Amino acid sequence: MDEEYDVIVLGTGLTECILSGLLSVEGKKVLHMDRNDYYGGDSASLNLTQLYRKFRPDQAPPAELGRDRDYAVDLIPKFIIASGELTKILVHTDVTRYLDFKQIAGSFVYRDGRISKVPSTEMEAVKSPLMGLFEKRRAKKFFEFLQGWRDEDPATHQGINLDKDSMKTVYEKFGLEPGTQDFIGHAMALYLDDDYITKPARETYSRVVLYTSSMARYGKSPYIYPLYGLGELPQSFARLSAIYGGTYMLDKAIDEIITDSDGNFVGVRSGSETVKAKQVIGDPSYFGAGKESEGGKIRVVEDGKVVRAICILKHPIPGTDDSDSVQIIIPQNQVNRRNDIYIAMVSSTHNVCAKDVYVAIVSTIVETDKPELEIAPGLQLLGPIYDKFVSVSPLYTPVSSGERDNIFITRSYDATSHFETVVEEVQDVWQRVTGEELKLKKREEASADK
């Protein structure tokens, strides 16, 4: 550990592994360390024994659940949008060579006490039970408007300026009911709350078009998922980093973040060894997570909490056409909340559990002092639950950008059941670390640059 590096990366969560992989491809000399003896950090996938050991150390897994090696249960549920930014990163870096994916069978939204498939085209809108006859006609015109929009052709704009008019203005133009606005904004545009409604409509337009184009790729849902669990993703980016010269050290204690007299990053100490680098990137747990650092400086603060319930089922979720995998979004307005509730379910077809077993994870942002009650609307949709593991995790956020002291801290994973917010974080940290926007290079291009 006496070498000097361009970047030290702490923690092998997905955000950190994507960044170390991309930085290695760019020719940076990267050292990647983790205190754990496994990849994934908070975004790891656990076998059955690890799952029970984490949540119930004194209880062995029930024998009827099957073999340990059949399980890869995600601690944090996330699906990949087929045409989204993470897919682009996977393809451009050729990380797909290490992974196999399977489509998620259905995308659903909860409304008026029932689960319904999310309509994503004008034809599906016409058939959807989510809307009455007249609302279906209005929704059909709305989707036709989105699909027909061309920036260069004012005739397709119908008097709307996406960069100036709010989404509220667009909804009102088409006369869409609040319930319809709910599934468009939350189940398709994937917003966490309703703040988007008063902002320019361009972002929502782009998000809905991304959803519909992802849906069109495979037909059943816009989501794909890696076989053997999400823990495969960070490992694959770690392989990418290693190919380009990145060095990995697992099971390595991080005892001190070393800074100079001005508070700028110098290196990392592990035991009696110190390694130096120009910059450090890491998840919040390596930077005090709300505690004062050696120099009396708070680097990370808690910015809320996420409650998640990992549920083992012996049946598909009722009302989802016996789908082997689904995403269900409960818009906050449907259950009088500020934040949506997310349900992500996978099964043995994804090689993450034994046959005839299903793993559903219900999550949301905590709003009260009784977090488990907050996910009750989601738990009630699952039917009988064989076993359940509930966790409440702090959401940590860095207090500074890192550009002054070269200490770049990532955010905790939010409650969403998709990866778009993770990629936004990767893009944000990349810009702060390099001073440039993330522009994806294919591997052969990057090799030629080195």
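Reader: What is the handedness of the crossing of H1 and H9?

Author: Happy to start there: in this predicted model, the crossing of H1 and H9 is left-handed. The contact is made by Leu14, Cys17, Ile18, Ser20, Gly21, Ser24 and Val25 on the H1 side, and by Leu233, Pro234, Phe237, Leu240 and Ser241 on the H9 side.

Reader: Why are H1 and H9 called roughly parallel to each other?

Author: The axes of helix H1 (residues 14–25) and helix H9 (residues 232–243) cross at roughly 20°. Angles under 35 degrees count as roughly parallel, and H1 and H9 are therefore given that description. As for distance, the two axes come within 8 Å.

Reader: Thanks! Let's turn to a glycine. Why is glycine 41 called buried?

Author: Its relative accessible area is 14%. Buried means under 20%, so glycine 41 belongs in that class. Glycine 41 sits in the loop between strand S2 (30–33) and strand S3 (45–46).

Reader: Which residues does glycine 41 touch, not counting those up to four places away in sequence?

Author: Glycine 41 touches Thr12, Gly13, Asn36 and Leu75. As for tyrosine 98, 57 residues away in sequence, its C-alpha lies 19 Å from that of glycine 41.

Reader: What about S7 and S8: how many bridges join them?

Author: Four bridges join strand S7 (residues 106–111) to strand S8 (residues 114–117), and the two run antiparallel. Arginine 111 stands opposite arginine 114 in S8. The hairpin has two residues between the strands, and aspartate 112 takes a positive phi near 50° there.

Reader: Lastly, where is confidence lowest, and where is it highest?

Author: Helix H13 (residues 443–449) has the lowest confidence, at a mean of 40, while helix H11 (residues 376–380) has the highest, at 97. Over residues 443–450 the pLDDT is below 50, and this stretch has 14 contacts in the model beyond near neighbours in sequence. Where pLDDT is low, the predicted coordinates should not be read in detail. For the protein, the mean pLDDT is 89, and 95% of the residues reach 70 or more.

How values were computed:
Residues are numbered from 1 along each chain as its sequence is written. This is a predicted model: local features need pLDDT of at least 70, side-chain atom pairs count only at pLDDT 80 or more; totals for chains, interfaces and linings use all residues. Side-chain values use heavy atoms; hydrogens and water are left out. Two strands pair if DSSP finds at least two bridges between them. pLDDT is the predictor's confidence in each residue, from 0 to 100. Contact means heavy atoms within 4.5 Å. Buried means under 20% relative accessible area, exposed over 50%, partly exposed in between (1.4 Å probe, protein chains only). Axes are lines fitted to C-alpha atoms, for helices over the stretch in contact, and angles run from 0 to 180 degrees between N-to-C directions. Angles under 35 degrees count as roughly parallel, over 145 as roughly antiparallel, 65 to 115 as roughly perpendicular and the rest as oblique. A crossing is left-handed if the near helix is turned anticlockwise from the far one by less than a right angle, and right-handed if clockwise.
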